Amino acid sequence: MSDARRILIVDDDESQLRLLRTVLEADGWTVREASSGDGAVALLETGAEIDVILSDLIMPGMDGRGLLAAALERWPEIPFIIMTAYASVDSAVELLHAGAFHYLAKPIKLPELRIIVRRAIESTETRRELVRLRRRVGLPSDVVGVSRQMREIFETAIRVAPTATPVLITGETGTGKEVVARAIHAASGRTNFVALNCAAIPPSLFESELFGFKRGAFTDARRDHAGLAEVAAGGTIFLDEIPEVPLDTQPKLLRFLQDGEFRRLGDNQVRKSDARVIAATNRDPAGEIAAGRLREDLFYRLNIVLIHIPPLRERAVDVPALADHLLKRLADRYQLEHADLSPDALAALTAYHWPGNIRELENMLARALALRAGKVITVRDLPTTIGRGAPAAGGLEPGAEPATLTLEEVERRHILRVLEGARGNKLRAAQILGIDRSTLHRKLKQLEGVAALQP
Ligand SMILES: Nc1ncnc2c1ncn2[C@@H]1O[C@H](COP(=O)(O)OP(=O)(O)OP(=O)(O)O)[C@@H](O)[C@H]1O
Ligand SMILES: [Mg+2]
């Protein structure tokens, strides 16, 4: 752990800023300040060395959420603590999912603050190490993901890449299993990547496709033939839809995984290949074992390193970055003029549940890019299934509020509920509430109160 302890406090509230500065300086921290997300980014851009960021959630201009997203993308090694007065469990969990190191509920309790910032700085060194590692090994830049879940996957991918261990990747269709497999391969230093979709090969041909055959092994076998296991020597073999491997071939695959040995069909000679196996499935392996389609011993051998890619709806914070990346890629591929998303389109995409995951997002963007009415892609360029009208999650029905609440408390609860429903999007929340954005901002500030520091 380094002994320099530099913290950046971001808050538009002068008095709060002063209080936090006093407390942390007394604890030996070097404090830098910014009064907005933009100010914080500007400071970080000057190359200021910061070990921890402590930011308010609600600020004019770039707010805490925006700053968190920017920091994760550009300074991922700096732990980010967010302060919020309306830390309902959902928004707190969402922030943690979005990659925040921790959140502090206002009014801030000093002992808690001290513990959290200390823990944050202890994590900085580990993060720096990972970032260095990532830069050195280099996952391909076309693998996008800022969510905590994806960053964990990238870390696992980097750690496992240089080894020969098999990897099993699970996840719904279109979540990026092949993308992650290729990323592991790219970071592995291995030569070629050979992909085999086990579902696309007739069962009778599977074994010869994978392990090859000897001349005369069957009627059409006119000459010796090397299988993919041999072709992928020194490289990676990607077996997609692994439960589709015919049951009688599974023990042979198991043996190959255990000691790299196999035989071409009709041949007695035992051959060896050091090809590394990455397997994938969009089904639940346990269910496949129970149904008798996947041998348990093969599963255990593959399951040494398991990477589960969560569906896109569970990591909605990845949607903006993915949409941006995919739009650029699509524009290049189809030679179309690049287009950005309007805020309402982005909000609709982020709120949608994506049964087809990233592939569905990509298809939807391809269509919007080709058919858009104006320069920017708006909600109207998206299919009617998404975005329009669907009330934000979180339910706006009048809650079962006890009749003893003050008007102020009812207002507070209602605002927070609407804000939750709008996933923290203040513009949308203000629209639903029928007030303008600055009024909402003022009300939120009032709700927070000038949080007195409680010892
Ligand atoms: N993290 C990511 N960054 C950028 N693009 C991605 C990412 N994940 C997926 N994609 C894109 O989404 C599409 C689907 O990805 P991929 O083919 O890897 O999914 P899959 O999980 O293998 O799907 P299936 O189960 O249907 O085979 C591809 O066009 C891929 O480039
Ligand atoms: Mg696939």
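Biologist: What makes the side chain of N197 and the backbone nitrogen of A199 count as a polar contact?

Modeller: A polar atom of that side chain lies 3.0 Å from the nitrogen, and a polar contact is a pair of N or O atoms within 3.5 Å, where within protein one must be able to donate a hydrogen and the other to accept it, and residues adjacent in sequence count only if both atoms are side-chain atoms. By the way, this is a predicted model, where local features need pLDDT of at least 70, side-chain atom pairs count only at pLDDT 80 or more, and totals for chains, interfaces and linings use all residues. Residues are numbered from 1 along each chain as written, chains are lettered from A and ligands numbered from 1 in written order, and side-chain values use heavy atoms, leaving out hydrogens and water.

Biologist: Why is N197 called partly exposed?

Modeller: Its relative accessibility is 34%. Buried means under 20% relative accessible area, exposed over 50%, and partly exposed in between (1.4 Å probe, protein chains only), so N197 is partly exposed.

Biologist: And why is S273 called buried?

Modeller: S273 comes in at 8%, so it counts as buried. A polar atom of its side chain is also 2.6 Å from the backbone oxygen of A229.

Biologist: Why are α8 and α10 called roughly parallel?

Modeller: They pack at an angle of about 15 degrees. Under 35 degrees counts as roughly parallel, over 145 as roughly antiparallel, 65 to 115 as roughly perpendicular and the rest as oblique, so these two are roughly parallel.

Technical notes
Axes are lines fitted to C-alpha atoms, for helices over the stretch in contact, and angles run from 0 to 180 degrees between N-to-C directions. Helices (H or I, at least four residues) and strands (E, at least two) are DSSP runs, numbered from the N terminus.
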